[in-house]
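Please find below a colleague's note on the structure shown here. The points are numbered so that each may be checked against the coordinates.

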Amino acid sequence: MSWDELLDHGDEPFALAFPPVCDVYPSLTLKATIVHACDDQEGALSYSLVDCEIARDTDAGHAQFAAYITSKTVSHLNDAVQHFQLVLDQCPVSHPDHATALTNLAYARLLGYIRNDFEDIDTPTSLFRDVLALRPQCHPDHPLSLYNLTKALNWRHDKKSSAADICESAKLYHELLPLCPEGTYLRSIAAGTNGVDYVINKCNNLPKDASDEGVHLRRVVLELCPLGHQHRPRALDKLAKALEARFDQHGTVDDLEMSIQLGREAMSLCPEGHADRAYLLNNLAVSLTYRFDHQGKPNDLDEAITLYEEGLRLYPVRHQYRDTYLDNLGLALISRFNKCGDIDDITRAISLYREALTLCPPGHPRRDITLNNLALALDTRYNKLHVIEDLNEAIDWYRESLRVMRDDCPGRHLSLSNLSASLCSRFTQARENEDIEEAINLCRESLVALSLLHPDRWFSYRWLTTAYLARYQILHDPADLSLAVENSRLASRHPTQGFPRRIMTACNWVVAAEQHSHTSALEAYYTCFDLLDGHLATRSSATSRREAAATFHYARPLPVDAASCAIRRDNLRHAVELVEQGRGQQWSLASRLKTPVEDLESANPKLARNYLELSKRVSDAAQSSATITDRAAADRAATEYRILTSQWDAAVTEIRDLQAFSRFLLSPSYKDLQAAAHQGPVIILIASQYSCSAIVIPTSGEPHHIPLPSVTLTDLNNLKDRFARAIRHASIMGPNLPRNDLIVLLRTVWEKIMLPIVNVLEHVLKLKHDSRIWLCPTAAFTSIPLHAAHPFQTRADRSKEPCLEDLYVCSYTPTLSALVRSRQMMKKRISPSFVTIGQGQPGTGKDKALLAVDSELELVHKLVPATANRSTISGDAATRAGALKALEENTWVHLACHGKQDLVQPYNSHFVMRDEHLTLLDIMEKHVPHAEFAFLSACHTAVGDKETPDEVIHLAAGLQFSGFKSVIGTLWEVDDSVAKHVVKAFYENLFNGLEEGGVMDCTKAAWALNRATHAVKTKVPLEQRMVFIHIGV
């Protein structure tokens, strides 16, 4: 294009196209401006002359540089650099061409370095950095300036291997690529093999960095690898490992969850046959094992073992990395052995380590790890089988591992702790002081190497506890016991270790404190409950919370043992608080999202709205996660749930900052719990291995302790078993035959349990006869029909000795909080509506027909006052959905059908409907605050949980939780042919006098049941009168 053609465009911009380069057509947009060299103003003339000189030197520099490119003659390069330097000297920072002059000089010097004609790479890098500072994001040459600096940084990294250079280059590419549209020349060179791919590869070769900056870099690199990019699997894995390492240092569970999600995605991109599959299998399995250690999810461990075994098949014998898979699979098998106790797992682990050791001869870089793991497996087997040869071999291998291990090895502290534990074990057998002294010193040494928040400090605290306890049991020095307790405290409260290990430590602390009568016992119990509460709160569904609780089988007696401990220390208020906190965890965690906030709404409407909105979102997330079966989706849902619960926790903390709400949703105090006794005393029956007793909570004042010295926990367990046999036997007896076995048992309950309590009610509390009392049984007491206690004695005047139900109107409550909550919800009442739900003909194969159901429904319908809105659902209409709808829409419910208590998974306990089961979980998910009364004329509706007996999880409690304040339930199987007599008498007493304008009152249900069981004595056998109990207000 000639000058005339250029000037013809005037002030309008125009495009200038060039021949294709690498199939890309470069183009420029130009704009011509005419500068008049001859001007009246001297200054302008001077600037123009300078600009002309700059242009001549620039052109000369480019000419020499072009000659250098073609001839590779260094003198041309030197001349080009000299001209470009002259131009730069004439272009100060304020000059509009300063950045261009810097670019020309930097590029010439960079090419000289690339061709090995210059040795200086720092200068062009610095020059390009200055250019970028002069061309911010809005500048049209900003993308090119980014690219030039990345190129210089890449070359400097190639020479100096500086991690900082390649990290900076990655961040610059992260900014550059979105500015380079597809099809442009700059995109083609930036995204090529020598561009961003080079940076990604070099970043992936950097060592693992668990710092926030290191994790951020890995996120940047991943974003440089969009879906379909060849390096995406490795980038996913590198970010996953960085997050896992950060979790290992700080214990933030979100890092571990995200690590697993990234690992799953990386695996999905590497099908069978992919070169990286074995490597990624191992890394995902390691993350899953970490999560098992931290959260105790058994599926994680099983999946990890499956992944390790697949990886092992990909690494045949003599493969250079086979020992790594052998080591990791062995560790997973040890964990499963510790959980399940299958001796085959630990035997196989030892075999794997012996094979791995043959692959790691002396001098092998991973020999120390394999030695440590073999020792750990032998030590684990010794703890199970107590074969001393295993322990001695383990100690020898631990010592050898430490001998060949570098002093700065990151895992050295674990080997020190492991050897310490083995020496403690040998000390308890051989009682050699050298062993225990060395054990303590090793643990102290391991602590020195770890930061205060490192998760592995827990191991050192744990084994120091073991060592001090072992020495105390031999030498009886009180200082050792104090040191053991202090290390138990540190281990159980170590914030970056997972809940399962901390819970185990706290439980061991309880055992030691009880065994040695240490003053920290109550503190240990409180710590256990706080940790269990924190652990269960991480689970999104009621079912998963119950499964998590059941995992800690050794923690089942904690609530009653804690209460017993407080009683022995003459602190009855603490006893009440502890037994409530320990027993009510499942219900309290579920109910906290349904807590009424009327008072908060009055005090701070904004906080109340935020709390209610977050509660709903948490509840919705929990319900949706319960149906997810895909593991990756479940992990994502768990992360979302944890984020929501974190926001919910922050909202609760903000509410507690208000003075009037400082105890919002905290474990209730004795003063809070005493509200349960507002209408009559509550009797907590405590069945502990240390003592059996009762605590009576009066309407006001201090609680009363009633020792039960005639019964032990063993006695109670035998008693409940005898009751079960007697009930089964009575069910096949004729209705008129005497129930002698039951009579003997009920007399025992009266004499050994209830009579001492009645004496306190009568003579200390001066409680009038026919008053109401509430029973709150724990542990073995939950399976004994306490309400039916009877002396079966005749006085001298031939009158009958009164039984418990002759003296008082008995109700039950699963927890004190449940009764308090029901009373609070009684404040709002609406016009009653009564629905009868019956299913006597369940679907094919579900259960036998109940022939008396329809007649029972008809009977109840007739007895309900006409003033109530009455309806009936039965037959084909009595489906799961139909029953749920009826429960939501009515305040009073009578339900007649089969009831099934699932002792393995109590949340699956159910009522049998026409199509699907109506489960306890279905009922709990409904919130019906205006509901009042439910009569459950079905079997096993008030039977507790087999695995967690102090968590009263049954159908009647579920209905109370969902909103029903007063519930009639059953303890065992109901005979529907005679149950109708109890039903008829109950409703006749409950609704007596309503035809004269009275109001349906659910608080009379307990009294009506008491009257009904008295009224049907001649018609209904003893076991069928005892079967019905009242729960609630």
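1. Basis of the note. The model is predicted; local features need pLDDT of at least 70, side-chain atom pairs count only at pLDDT 80 or more, and totals for chains, interfaces and linings use all residues. Residues are numbered from 1 along each chain as its sequence is written, and side-chain values use heavy atoms, with hydrogens and water left out.

2. The open sheet. An open sheet is formed by 3 strands in the order β11-β12-β13, with antiparallel pairing. The edges are taken by β11 (899-900) and β13 (917-919); each has a single partner strand, so one side of each is left without a neighbour in the sheet. Strands here are DSSP runs of E with at least two residues, helices are runs of H or I with at least four residues, and both are numbered from the N terminus. Two strands count as paired if DSSP finds at least two bridges between them.

3. Pairing of β11 with β12. These two strands, the latter covering residues 910-912, are joined in the antiparallel sense over 2 bridges. In β12, H910 is the bridge partner of K900.

4. In β15 (residues 966-970), 5 of the 5 residues are buried, so the strand is largely enclosed by the rest of the structure. Buried means under 20% relative accessible area, exposed means over 50%, and partly exposed lies in between (1.4 Å probe, protein chains only). S966, I968 and T970 point one way from β15, whereas V967 and G969 point the other way, and all are buried. In a regular strand the side chains alternate between the two faces of the sheet.

5. Partners of β15. Strand β14 (residues 933-937) pairs with β15 in the parallel sense over 3 bridges, and V967 of β15 is the bridge partner of A934. Strand β16 (residues 1028-1032) runs antiparallel to β15 and is joined to it by 5 bridges; there, I1029 is the bridge partner of G969.

6. In one of them, the side chains of R573 and E702 meet at 2.8 Å, N to O. This pair links distant parts of the chain, 129 residues apart: R573 is in helix α27 (residues 572-583), and E702 is in the loop between β4 (692-697) and β5 (704-707). R573 is partly exposed, at a relative accessible area of 33%, and E702 is also partly exposed, at 46%.

7. The D876 and R914 pair. The closest N and O atoms of this salt bridge are 3.0 Å apart. The pair again links distant parts of the chain, 38 residues apart, with D876 in the loop between β9 (869-874) and α38 (880-889) and R914 in the loop between β12 and β13. D876 counts as exposed at 58% relative accessibility, whereas R914 counts as partly exposed at 32%.

8. The E801 and R795 pair. Here the closest N and O atoms of the salt bridge are 3.7 Å apart. E801 is partly exposed, with a relative accessible area of 30%, and R795 is partly exposed at 39%.

9. Surface patches. Which residues gather in a patch of positive charge on the surface? They are R722, R725, R728 and K752. Helix α33 (residues 713-731) gives the largest share of the positive patch, 3 residues. R725 lies in α33 and is partly exposed at 48% relative accessibility. A nonpolar patch is formed by I343, L385 and V387, which together have about 210 Å² of accessible area. L385 belongs to helix α17 (residues 367-385) and is partly exposed at 44%. Patch residues have over 30% relative accessible area and no salt bridge; like charges are joined within 9 Å, and nonpolar side chains (Val, Leu, Ile, Met, Phe, Trp, Tyr) within 5 Å.

10. R277. This residue lies in helix α13 (residues 277-295) and counts as buried at 12% relative accessibility. R277 and M267 are 10 residues apart in sequence and 6.8 Å apart in space, C-alpha to C-alpha.

Conventions
Areas by Shrake-Rupley, 256 points an atom, 1.4 Å probe, with all protein chains shown as cover. Salt bridge = Lys/Arg side-chain N within 4 Å of Asp/Glu carboxyl O. Lys, Arg positive; Asp, Glu negative; His and termini not counted. Charge placed at Lys NZ, Arg CZ, Asp CG, Glu CD.
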